[in-house]
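Please look through the structure below before reading on.

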Amino acid sequence: MRTATYFFIFLNLSLALFEEPAVYPLPFLATSVLEVLCLLVFLGRLTHFAKVTLHNVFWKDTKNICIMVAILLSLTDLGIYGVLRLYGVRSIRWSRIVRPIFLINFAESRQIRRAFRSIRNTLPEITYVFLLFMFSLLMFSLMALKLFGERNLQTAEGLPYFRNYLEIVFDLYVLVTTANSPDVMMPAFDFSSWYALFFIAFVIVNTYIFMSLFLAVVYNNYKKHLKVMPGGACD
């Protein structure tokens, strides 16, 4: 039963690869039949679980409620999408975002729920480090706007260089990953080699200090919550 449940969960999640828009599109009838089959299996598994569980315990378990709601939403969305498709109206399968609920909330996915709950509990504690990083990014972006925005510099493609604040934020955010280094600083470096100090300081502060600090906070808090996570049949 556990293997079958995991198989149909994987099949349901993999449908996103074949539904429009997709790299390997399949006919709508094929994907809809597979999805209905998966939902019927989930409903059967839930019904089986209800038969071997006390009535009060079953209906008090939020995991079961989430699965039933996800099945209902998926069937409703599939029906609406199919009707609109018959009339030639383009729409979006918004119920795809509820498919991971099946992976998390079935009784067989206890370890996945533990990991998911640890991530959820870790997020509030890393918010402060993330806000500090964003503050540093915004401040460096403002400095870049003041340093380069009034010098009429251009990129190699002839586009304005560091004159729009939001574009500067994005470019410096990419620079944190060093994906656009050293291209992002070449117009400023060609104007004056001293401007390289700005980008060196940015990389030291944000890439080497903040990213290391961010990783350490995430790792330590995730490990702490994973260790103290209570067990039990209804976790």
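What follows is a guided reading of this model, from the overall fold down to single side chains.

This is a predicted model, in which local features need pLDDT of at least 70 and side-chain atom pairs count only at pLDDT 80 or more, while totals for chains, interfaces and linings use all residues. Residues are numbered from 1 along each chain as its sequence is written, and side-chain values use heavy atoms, with hydrogens and water left out.

The protein chain has nine helices and zero strands, where helices (H or I, at least four residues) and strands (E, at least two) are DSSP runs numbered from the N terminus. Along its principal axes the C-alpha trace spans about 75 × 55 × 25 Å. The radius of gyration of the protein chain is 25 Å, well over the 18 Å that the globule rule gives for 235 residues, so the chain is more spread out than a compact globule; this radius is taken over C-alpha atoms, and the rule is 2.2 Å times the number of residues to the power 0.38. Buried residues make up 34% of the 235 residues, with buried meaning under 20% relative accessible area, exposed over 50%, and partly exposed in between (1.4 Å probe, protein chains only). Among contacts (heavy atoms within 4.5 Å) between residues at least 6 apart in sequence, 67% join residues at least 24 apart.

The UniProt record, an unreviewed entry, places the feature "domain: Ion transport" at residues 6–224; its positions are given in the numbering used here, feature names are shortened, and annotations may be inferred rather than shown by experiment. Over residues 6–224 the chain is 71% helix and 0% strand, and the end C-alpha atoms are 28 Å apart. For "transmembrane region", the unreviewed UniProt entry lists residues 26–44, 65–84, 126–145, 165–182 and 194–219. Of these, residues 26–44 are 89% helix and 0% strand, with end C-alpha atoms 26 Å apart, whereas the span 126–145 is 100% helix and 0% strand, with its end C-alpha atoms 29 Å apart.

At 1.5 Å a residue, the 24 residues of α2 should span 34 Å, and its end C-alpha atoms are 34 Å apart, which agrees; the expected span is 1.5 Å times one less than the number of residues. Several residues of α2 are buried, including Thr-31, Glu-35, Leu-39 and Phe-42. The buried residues of this helix pack against α1, α3 (55–60), α4 and α5. In helix α4 is Asn-64, which is buried, with a relative accessible area of 3%. Leaving aside its neighbours within four places in sequence, Asn-64 is in contact with Leu-46, Phe-49 and Phe-58.

Where do the nonpolar side chains gather? The largest nonpolar core has 23 residues, and Phe-148, Tyr-161, Phe-162, Leu-172, Leu-175, Phe-199 and Phe-202 have the most contacts inside it; such a core is a set of buried Ala, Val, Leu, Ile, Met, Phe, Trp, Tyr and Cys residues joined through side-chain atoms within 4.5 Å. Helices α6 (110–148), α7 (165–176) and α9 (196–228) each supply at least two residues of this core, and α9 gives the most, with six residues. Apart from this core lies another, of 14 residues, among them Ile-9, Leu-39, Phe-58 and Phe-106.

The structure also holds eight salt bridges, each being a side-chain nitrogen of Lys or Arg within 4 Å of a carboxyl oxygen of Asp or Glu. In one of these, the side chains of Glu-20 and Arg-85 meet at 3.6 Å, N to O. This pair links distant parts of the chain, with Glu-20 in the loop between α1 (2–14) and α2 (28–51) and Arg-85 in helix α4 (residues 62–86), 65 residues apart. Glu-20 is partly exposed, with a relative accessible area of 39%, and Arg-85 is partly exposed, at 35%.

Glu-35 forms a salt bridge with Arg-93, the closest N and O atoms being 3.0 Å apart. Glu-35 lies in helix α2 and Arg-93 in the loop between α4 and α5 (100–105), so the pair ties together parts that are 58 residues apart in sequence. Both Glu-35 and Arg-93 are buried, and they belong to a network of salt bridges that also links Glu-19, Asp-77, Arg-96 and Arg-99.
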